[in-house]
Amino acid sequence: MKKDLIISGYGNVAKELVKLLSEKEEMLKNTYDLEIKVCGIIGSKGMIAQDEGIQLEALLNYGNGSDALLQYAVDMHIPLQQANINGDILVECSPTNIVNGEPGKTYIIDALSQGMDVIAVSKGALVTSFEEVMELANQHGAKLKYSGATAAALPTLDIGEYSLAGSTITSIVGILNGTSNYILSSMAEEQLSFKQALKNAQEKGIAEANADMDVKGFDSACKILLLANRFLGTKLALRDIKISGINEIAIEHLSVAQAEGKKLKLIAQAALHEGKAIVQVKPIMLSKEHPLFHVDGTNKGIVFETKEMGAICVTGGASHPRAAAAAALKDLINAVCLR
C-alpha cells in the first residue's frame with residue numbers, strides 16, 4: 001500500500017517524524033505493507049515538493065525550520081513554492097495558534113475537502129474549530145486522527161476510542177502537561193521557587209523559552225477540551241474552561257501539601273453533572289490514594305471514569321518531540337490500516 005504524505009510545519013516534531021519515517025521504512029513495509037512517500041513539506045517561507053519523494057536522509061542534514069527547507073531546495077535545484085496540499089495524507093505540525101487556528105486550520109480544511117486523511121499534531125485548528133473540522137471529515141469520508149494533540153505519547157485518545165468503545169465515559173481527569181508536572185515535582189523535591197524550577201527546566205530543554213502555554217494551563221486546557229468534546233459530547237471552546245496554571249504557585253503551597261501527605265499537581269478535568277459539563281484546569285492537592293499521585297517528573301497520566309468498566313488509569317508517556325512524532329506515526333498507521 002503506497003501513500004503520498006504532505007507535512008505542514010517543519011519544527012522539532014516534524015523533523016523527528018521525518019527521522020522516524022526514514023528509520024522505520026523497512027519496518028513499515030514488512031509489518032504493515034505500507035510505503036510512505038513524503039512528497040511535500042510546508043514551512044513559513046514556502047514549500048519543498050518532489051513527485052518522486054523528498055530525500056529524507058539528505059533533508060535531515062539541514063537542521064529544522066524553513067531555513068532547512070530553503071537550503072534543501074537550493075542544493076536539490078528545486079523551487080521553493082507556495083503551499084499546495086495534494087496527496088493522500090496530511091500531517092499537520094505547524095505551530096499551535098489558539099486564537100484562530102491558522103495556518104493549520106487552512107491546511108486541514110483544504111486536505112479534508114479533498115478527502116485526504118489528516119493527522120493533527122498541532123492543536124489550534126481543533127481547539128478553535130472542532131465541530132467544523134469533524135463535520136468536514138465525516139462529510140468527505142476522511143480519517144482525522146489527533147493523538148499528538150491530546151498528550152502525544154500518553155494514549156489518551158486511543159484509550160477512549162478503542163479500549164473504552166461502547167462504554168459510557170462520565171469523567172476525565174488528567175495530568176496532561178509534562179513541563180508543568182516537572183516544574184512542580186522539582187519545586188517539591190528540591191525546595192525551589194517557581195522561577196528557579198522554570199529556569200532549570202528551560203536549561204534542560206524541558207520548557208520552552210516562552211513557557212506560558214504550559215505553566216499558565218493553556219496546553220492542558222486544549223487537551224482536556226478536545227477529550228471532552230470527543231468523549232462527553234460537549235461543544236466547548238477555550239472560553240468555556242476555567243483555567244488556572246502553576247505560575248502563581250509558591251514553595252509554601254507545596255509545603256502545605258507535603259505536611260498533609262499530599263502532592264500538588266496541575267489537573268485537567270472534565271465531568272458531566274446533571275447533564276452539564278464542568279471542565280477546568282487548576283492545581284489540586286492529591287492524596288496518596290489517588291491514581292495520579294505517583295505521576296512525577298515529565299510523566300503524564302489520565303483517569304477515565306466509566307459506568308460499565310469503572311475507573312481506567314494510564315500513566316507515563318515521554319514528553320519530547322520524538323514522542324510526539326511517534327504518536328503521529330501511530331496515528332498514520334492506524335488511519336491507513338484500521339479502515
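Predicted model: local features only at pLDDT ≥ 70, side-chain atom pairs only at ≥ 80, totals over all residues.
Me: How many residues lie in the hairpin that joins β11 to β12?
Reply: The hairpin that joins β11 to β12 passes through three residues.

Me: Which residue of β11 is the bridge partner of V173?
Reply: Strand β7 (residues 169-175) pairs with β11 over six bridges, in the antiparallel sense. In β11, the bridge partner of V173 is V303.

Me: How many of the seven residues of strand β11 are buried?
Reply: Buried means under 20% relative accessible area. Strand β11 spans residues 300-306 and is mostly covered. Of its seven residues, the buried ones number six.

Me: Which strands stand at the edges of the open sheet?
Reply: The open sheet has six strands with mixed pairing, in the order β3-β2-β1-β4-β5-β6. An edge strand here has a single partner strand, so one side of it is left without a neighbour in the sheet. The strands at the edges are β3 (46-49) and β6 (144-145).

Me: Which residue of β5 is the bridge partner of L90?
Reply: β4 and strand β5 (residues 117-120) run parallel and are joined by four bridges. In β5, the bridge partner of L90 is V118.

Me: Is E25, in the patch of negative charge, buried or exposed?
Reply: The surface patch of negative charge gathers E25, E26, D33, E35 and E57. E25 is found in helix α2 (residues 25-32). Its relative accessible area is 53%, and the cut-off for exposed is over 50%. E25 is therefore exposed.

Me: What accessible area do L70, V74 and L80 have together?
Reply: L80 lies in the loop between α4 (66-76) and β4 (89-92). With 31% relative accessibility, L80 counts as partly exposed. L70, V74 and L80 form a nonpolar patch on the surface, and their accessible area together is about 220 Å².

Me: What is the phi of H77?
Reply: H77 is in the loop between α4 and β4. H77 is exposed, with a relative accessible area of 72%. Although H77 is not a glycine, its phi is positive, at about 60°.

Me: What is the omega of the cis peptide bond that joins E102 and P103?
Reply: P103 lies in the loop between β4 and α5 (104-113). The bond that joins E102 and P103 is a cis peptide bond, and its omega is about 5°.

Definitions and conventions
Residues numbered from 1 in each chain as written. Heavy atoms only, no water. Patch = residues over 30% accessible without salt bridge, like charges linked within 9 Å, V, L, I, M, F, W, Y side chains within 5 Å. Areas by Shrake-Rupley, 256 points an atom, 1.4 Å probe, with all protein chains shown as cover. Salt bridge = Lys/Arg side-chain N within 4 Å of Asp/Glu carboxyl O. Lys, Arg positive; Asp, Glu negative; His and termini not counted. Charge placed at Lys NZ, Arg CZ, Asp CG, Glu CD. Helix = DSSP H or I, 4+ residues; strand = E, 2+ residues; numbered from the N terminus. Buried < 20%, exposed > 50% of the residue type's maximum accessible area, 1.4 Å probe, protein only. Pairing = 2+ DSSP bridges.
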